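Subject: Structure handover

Hi,

Here is the structure I promised you. My notes on it follow below.

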Amino acid sequence: MRKGMKMNSQKIITLLAVLSLFASSCNSTKYLAEDEKLYDEGKVELQVDTGVANDRKEAFEERLESMLRPEPNAKILGWRWKLSLWNMGGGPDTTKNFVRRWLKRQGEEPVLLSDVNREYNENLLRNRLENLGFFNATFTSDTTIHKKLATVTYYGIPRNIYRINSVKFDIDSTREIGKDILESRDKSLLQNGKNYNLDVIVSERERIDDDLKNQGYYYFSPDNLLVEVDSTIGDHKVDMYVNLKPETSEKAIHPQKIGNIFIYPNYTLNTEGYRRQNRIRNLDLFNNNYYIIDRNKTYRRKVLANHIFFERGELYNRHDHNQTINHLVNLNAFKFVKNNFEDNSDSTNTLDVYYYLTPLPKKSLRFEVLGKTAAVYNGSEANVTWTLRNAFRGFETLTLNFFGGYETQTGGNVNLNSSYYRYGAEAAITWPRLLSPYKWAPSRRFIPRTYLKLGYEFLNRRTAYTLNSTSLNYGYNWKENDRKQHDLALAEIIYVQPRNVTPEYEAQMDTVPTLRHIIEPQFSFGPNYNFTYTNTMQQERKHTFYFKGGINLSGNVLGLVQGANAQEGNTKTLFNTVYSQFIKIEGDFRHYMKLSTNSQLASRIMIGTSYSYGNSRSLPYLKQYFTGGPNGLRAFRARSIGPGSSLPENLGQDNFFADQTGDYKLELNTEYRAKIAGFLHWAAFVDAGNIWLQSRDDNKPGGRLSKEFLSELAVGGGAGLRFDFDFLILRTDFAIPFRVPYNAKSDRWVFKDIDLGSGRWRENNLIFNLAIGYPF
């Protein structure tokens, strides 16, 4: 007992020492001299008309505050964590202690009031308002000091904004470039009645430049344009004059034609950078357009030429320029892609084009080890991937992937579903084009791809059964534009054969008949199609959307021809195996609403439906829907809800077997996301959903879809942190159930039962999810 007391005392003393060190480091002003003040924050307060909405005023002030320099020490919930690390490292002390030096490198020195140049910031803010059309804006500033902390407040008066009265293109229309500029003036961003804005003027010059680049003016630049502004006309209005600078070079005002096109697909980059190689004599002109310098015939010339969009004799075009570079980069065959233009020595206003392509290694090997955790299950997985690029000289990519992993139950009651190991392989080849007997050409802006995949997996649930799975996929994927993507699998074949079912598992099937569905042979074949639309890359929009919808078919034609009817016991086989016959349709719609610079509301609705007929009564196990888990209903474990109001079945005392699947699915999620500071974010969320069966199942009463399906939705909610490291997002969520569908109808809402102070309640209801990435 005394020994235990002594150990506890030592632990307490150690803990107190650590807390004391931490507390002292949290004293932000610890190392400040007597006359020094810590710069706490800079604020902007604008005096605007009462008619301006308060949220717009606050957003404008917040944007101006982000321009102030220097920035105060970084904070998380008011804690200057980087400054604390610097303090823990000894502050100004130049100690050679390794730990202290490391802490100082991770932290940052205190930002002092003396570092703030108020006059510089006043001019910066005034200049910004002038650029937005507030020509008579004024700024003053004041400093507030509380103990050792200082706040600088900048008071601004924008006054009246100036608007555009007229826009005149003062361009010589007798010259070719003048005509080309004037032809596009209807697209001008400078419009009568709009606010004066320097950013819009810059964008207008870039618009004209882009338009001219697509008409051959390679040497033209936005700097060749001058927009003069006359603000003396009164009534807070301005006249604008768009001019071509007189010093614009002769080259810039003439369109350039494409001359010779040289392609070096095996270029070796040296320390001197890209240098034009000596022209090789007696080159063949391929397709009357391209000189391809490839002595070893590494690439088929026709395939390479398909990704070059310039042609001899045509005018230079920025669209073709960018599209060629985009294709060459996305062939995934070149490490570096460099494009040079040089004046042709034999013809004026003519450009010779040089492509220097440095190949990636033809073969590569990658090894990955992953750790997995979910509720009481933990495991790991290893992947070895061998890649062969340009496999058949047409930029094909051949990959062989070998994988293996295991998962074991580390908590709760052990059941038949508690552990497994698996291994397998997949061979895949992709072609950067559509292999089709028909001349089918989607947008050439993006590279379409044809894929063929063959996979095998062996799964061994050691106390239950083993599964041998084989799959074959052949199809196409292509992008219509930046927002729309298509994936058409002409053939998807999945064959799953169970083996070595243990007596223990067979015995449990008598208790829980639905376990039999897992080990039924599965054979599905047919096409499937998926369409994806998203505009979430448009960060400037307040509302953005994501949609993915798909249809999956299996055995439809063959089942109809053979007259299969599983309802009457007349099932048909292919290769001595009963095949599945179904139509499956699903959609995933997401909406993101930006609330402020650092917060948004994300919502999702998922709908899945299917119709099994002919040779099937329900979807095969691998195609069925489930819900729950870290990316669905986070207040419930994966596969633990539904179908409908049916009660999850247990094996033994409190020994849950997670196998709740169905033929229909509805899931609704909404999540408020906000940034705390730096990489630390948080979220609060509510999830609802369930799954249902197509046909009545006596073993799952209440599982069939009915008109009362809305009353059977499971609901849960919670909150969590997100650690956004740019390259990785680590997510932690705590969630509890609000509504349990398998309770009695009058007792499904469980708010009254919430008892966070009860250890037993937390054990049964508080779900922790650790995941990578956002759930949607």
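Of the 776 residues of the protein, 42% count as buried (under 20% relative accessible area; exposed is over 50%, partly exposed in between; 1.4 Å probe, protein chains only). This is a predicted model: local features need pLDDT of at least 70, side-chain atom pairs count only at pLDDT 80 or more, and totals for chains, interfaces and linings use all residues. Numbering runs from 1 along each chain as its sequence is written, and side-chain values use heavy atoms, with hydrogens and water left out.

Overall picture

The C-alpha atoms fill a box of roughly 90 × 80 × 60 Å along the principal axes. The protein has twelve helices and 29 strands. These are DSSP runs, numbered from the N terminus (helices: H or I, at least four residues; strands: E, at least two). Among contacts with a separation of 6 or more, 64% join residues 24 or more positions apart. Contact means heavy atoms within 4.5 Å.

The domain assignment gives domain 1 (25-73 + 110-157), domain 2 (163-252) and domain 3 (257-274 + 281-359). Such bounds come from an automatic or database assignment. The C-alpha centres of domain 1 and domain 3 lie 52 Å apart.

Helix pairs

Two packed helices are described by the angle between their axes and the distance between the axes. Axes are lines fitted to C-alpha atoms, for helices over the stretch in contact; angles run from 0 to 180 degrees between N-to-C directions.

H3 (residues 81-88) packs on H4 (residues 98-106) at about 155 degrees, with the axes 7 Å apart. That makes the pair roughly antiparallel (over 145 degrees; under 35 is roughly parallel, 65 to 115 roughly perpendicular, the rest oblique). The crossing of H3 and H4 is left-handed (near helix turned anticlockwise from the far one by less than a right angle; clockwise is right-handed). H3 contributes Lys 82, Leu 85, Trp 86 and Met 88 to the contact, and H4 contributes Arg 100, Leu 103, Lys 104 and Gln 106. By class, that is four nonpolar, one polar and three charged residues. Nonpolar covers Ala, Val, Leu, Ile, Met, Phe, Trp, Tyr, Cys and Pro; charged covers Asp, Glu, Lys and Arg; the others, Gly among them, are polar.

H2 (residues 54-65) and H5 (residues 118-131) pack at about 130 degrees, axes 11 Å apart. They are therefore oblique to each other. H2 passes H5 in a right-handed crossing. Phe 60, Arg 63 and Leu 64 of H2 touch Leu 125, Arg 128 and Leu 129 of H5. This contact has four nonpolar, no polar and two charged residues.

H6 (residues 176-183) and H7 (residues 198-213) cross at roughly 120 degrees, and their axes come within 10 Å. This pair is oblique. Its crossing is right-handed. Ile 177, Asp 180 and Ile 181 in H6 meet Ile 208, Asp 211 and Leu 212 in H7. The classes here are four nonpolar, no polar and two charged.

Two residues

Thr 732 lies in strand S28 (residues 729-739). Thr 732 counts as buried, at 15% relative accessibility. Beyond its neighbours within four places in sequence, its contacts include Phe 723, Phe 768 and Leu 770.

Glu 708 sits in the loop between strand S26 (680-692) and strand S27 (714-724). Glu 708 is partly exposed, with a relative accessible area of 38%. Its C-alpha is 59 Å from that of Thr 151, 557 residues away along the chain.

Best wishes
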